[in-house]
Amino acid sequence: METIILAVHVLLAAAIIALVMLQQGKGAEAGASFGAGASQTVFGSQGAGSFLSRATAVLAAALFATSFALAYFAKEQAGYVSEIGIPSQEMIQQSQQSTLPDLNGLVPADSDAPSSN
């Protein structure tokens with residue numbers, strides 16, 4: 001399930017990039033007064049701006065939803081050691097506590113060093 005959501009997430013990101021690149025900037029209307037706007041009539045008299053803007057908003061909402069779904073799956077797997085060998089924080093603390101040596105016997109009783117007691 002996570003792989004499917006990840007694939008959809010990547011496709012949505014690519015589609016948003018394509019839609020943003022298709023849209024014209026704010027300075028594009030200046031050329032219409034000189035006759036350059038005649039080719040923009042495929043989507044009607046207002047051009048493709050409203051259609052592309054709506055499509056971008058819908059895809060952005062879907063990308064947001066897939067981001068939440070991927071975050072949910074990541075949270076579910078955070079308590080366990082992952083498949084690539086990254087341990088959880090609890091496992092790191094347990095291993096650090098078990099591998100620390102006992103230094104109480106190494107400090108002589110008559111030395112000036114402070115004791116750990």
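Helices are DSSP runs of H or I with at least four residues, strands are runs of E with at least two, and both are numbered from the N terminus. This is a predicted model, in which local features need pLDDT of at least 70, side-chain atom pairs count only at pLDDT 80 or more, and totals for chains, interfaces and linings use all residues. Residues are numbered from 1 along each chain as its sequence is written, and side-chain values use heavy atoms, with hydrogens and water left out. The protein chain has three helices and zero strands.

**Overall layout**
- Along the sequence, the pattern reads α-α-α.
- Helix 1 spans residues 2–22, helix 2 spans residues 49–77, and helix 3 spans residues 89–99.
- The protein chain has 117 residues, and 10% of them are buried. Buried means under 20% relative accessible area, exposed means over 50%, and partly exposed lies in between (1.4 Å probe, protein chains only).
- The chain exposes about 9600 Å², and carbon and sulfur atoms supply 64% of that area. Accessible areas come from the Shrake-Rupley method with a 1.4 Å probe; for residues, only the protein chains shown count as cover.
- Take the contacts (heavy atoms within 4.5 Å) in the protein chain with a separation of 6 or more: 74% of them join residues 24 or more positions apart.

**Confidence**
- pLDDT is the predictor's confidence in each residue, from 0 to 100. Its mean over the protein chain is 74, and 52% of the residues reach 70 or more.
- Helix 1 has the highest confidence, at a mean of 92, and helix 3 the lowest, at 69.
- Where pLDDT is low, the predicted coordinates should not be read in detail.

- Thr-56 sits in helix 2. Its relative accessibility is 16%, so Thr-56 counts as buried.
- The side chain of Thr-56 reaches the backbone oxygen of Leu-52 at 2.7 Å. A polar contact is a pair of N or O atoms within 3.5 Å; within protein, one must be able to donate a hydrogen and the other to accept it, and residues adjacent in sequence count only if both atoms are side-chain atoms.
- Setting aside neighbours within four places in sequence, Thr-56 is in contact with Leu-19, Val-20 and Gln-23.
- Ala-15 belongs to helix 1. With a relative accessible area of 28%, Ala-15 is partly exposed.
- From C-alpha to C-alpha, Ala-15 and Thr-56 are 8.4 Å apart in space, yet they are 41 residues apart in sequence.

- His-9 lies in helix 1. It counts as buried because its relative accessibility is 18%.
- Not counting residues up to four places away in sequence, His-9 touches Leu-63, Thr-66, Ser-67 and Leu-70.
- Ala-65 is part of helix 2. This residue is partly exposed, at a relative accessible area of 44%.
- Ala-65 and Ile-5 are 60 residues apart along the chain, and their C-alpha atoms are separated by 9.8 Å.

**Aromatic pairs**
- Rings of Phe, Tyr and Trp (its six-membered ring) pair if their centres lie within 6.5 Å; planes under 30 degrees apart count as stacked, over 60 as edge-to-face and the rest as tilted. By this rule, there are two aromatic pairs.
- In the pair Phe-64 and Phe-68, the ring centres are 4.8 Å apart and the planes stand at 85°, so the pair is edge-to-face.
- Both residues lie in helix 2, four residues apart, which is about one turn of the helix. Phe-64 and Phe-68 are both exposed.
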